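Please have a look at it first.

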Amino acid sequence: MSLSNRWLLPDGVDELLPPEAWALENMRRAMLDTYASFGYELVTPPLIEFIESLLTGTGNNLDIQTFKVTDQLTGRMMGVRADITPQAARIDAHLLKTQDVSRLCYVDTVLHTRPAHMMTNRTPLQIGCELFGEKDVAADLEVVSLMLKTLEHAGIRSVHIDLAHAGIYRSLIAAASLPVDMEARVFDALKRKSIPELDSLASGQYAAVVSIIRDIAQLSGSVEALDDIKASIELSSEFSGLETLAAIEELKYFAEQIIKRFPQVDLGYDFCELRGYDYHTGIMFSAYTPGFGYALAKGGRYDSIGKDFGSSRPATGFTADLKTLVRLGQQDGIQRDAGVLAPSGDGVDLLEAIDQLRSNQRRVVQCLNADDSSHYNCTQQLVFESGAWQVRDF
């Protein structure tokens, strides 16, 4: 690399400059204070771990997104985390070792081998909450409430949530004993929303279950879609088992509670949204805003992810990229104090006046010499009047 290019960052790697960096920090503090008010404890897992720990129970997609290096001390393969959720599961299962409900929150940088989508970068600042030890839908409602409060702090004015439930598909597949290769083909078509391909798969021995899955995919949309899905399943005695219907009822109750608690939020279903299907086990949710074609935040239930860490516990959580939120959000009310400009000098009275202003959360910039004529974006100045230091407008 030539000397003239040494300042360049790698593709997909960015940095935050003022005032954006301060806006993000103010937002981070407000969000963590909100999580703390719900009883969540802050954790800061390491940036790098042995690869087996990072990828436990998370599926192939996270493996592809993880940078891998060889540990020079042990010769073992290590990974730079691409998601903090598995680390939180490890902490809950192996370090906290509690049978009670545990609530954990975090905010830290993760690293991706490539951007997750066109509107992000390879170094997201992941913020999120994870709740372990409770299988009731009340836990999912608490987590989605925190997700919506996170978007509120970010100044996201218009929010749409897409809901789904991994248990609906899982119970149908289990009832039909669908082979692994056929399951992979069906869900590949679902991810691409290829209804014609699902039509072609809906033949032969597994025609009934594939047809129902196709019908469910086509019913994605408004909240009324759940009743249609329930009716479609009940028409088939083969698949009208309690587990499938229980998942539908759980999702219906979840949607009703969101509408009750957050009436300003637009709600719908997307049963072709299979993000994290490899490890999600129940309700899934993704938040969107108009003009941004990707999820701002996402989460759901992922029971038993801690099994390989020695504790199989119910779990639910959400994550978001704080960088994306600060760039999209309306940042009213989070701008820093424009500040007070103080003259140079080392007089005790002057230094005490400066300290007093700073102790009151004022931004005070002191000139370093008498010839310094910059205002440093300050709108006021500290001047000596009537025998005391006073703050005056320029």
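## A salt-bridge network

D14, E20, K323 and R327 are joined in a network of salt bridges (a side-chain nitrogen of Lys or Arg within 4 Å of a carboxyl oxygen of Asp or Glu). Within it, D14 pairs with K323, their closest N and O atoms being 2.7 Å apart. This pair links distant parts of the chain, 309 residues apart: D14 sits in the segment before α1 (20–37), and K323 in helix α12 (residues 322–328). Helices here are DSSP runs of H or I, at least four residues, and strands are E runs of at least two, numbered from the N terminus.

K323 counts as buried because its relative accessibility is 8%, while D14, at 22%, is partly exposed (buried is under 20% relative accessible area, exposed over 50%, partly exposed in between, with a 1.4 Å probe and protein chains only).

## About the model

This is a predicted model, in which local features need pLDDT of at least 70 and side-chain atom pairs pLDDT 80 or more, while totals for chains, interfaces and linings use all residues. Residues are numbered from 1 along each chain as its sequence is written, and side-chain values use heavy atoms, leaving out hydrogens and water.

## Nonpolar cores

The largest nonpolar core has 82 residues, and L190 is among those with the most contacts inside it. Such a core joins buried Ala, Val, Leu, Ile, Met, Phe, Trp, Tyr and Cys residues through side-chain atoms within 4.5 Å. A second, separate core of 14 residues includes I84 and Y302.
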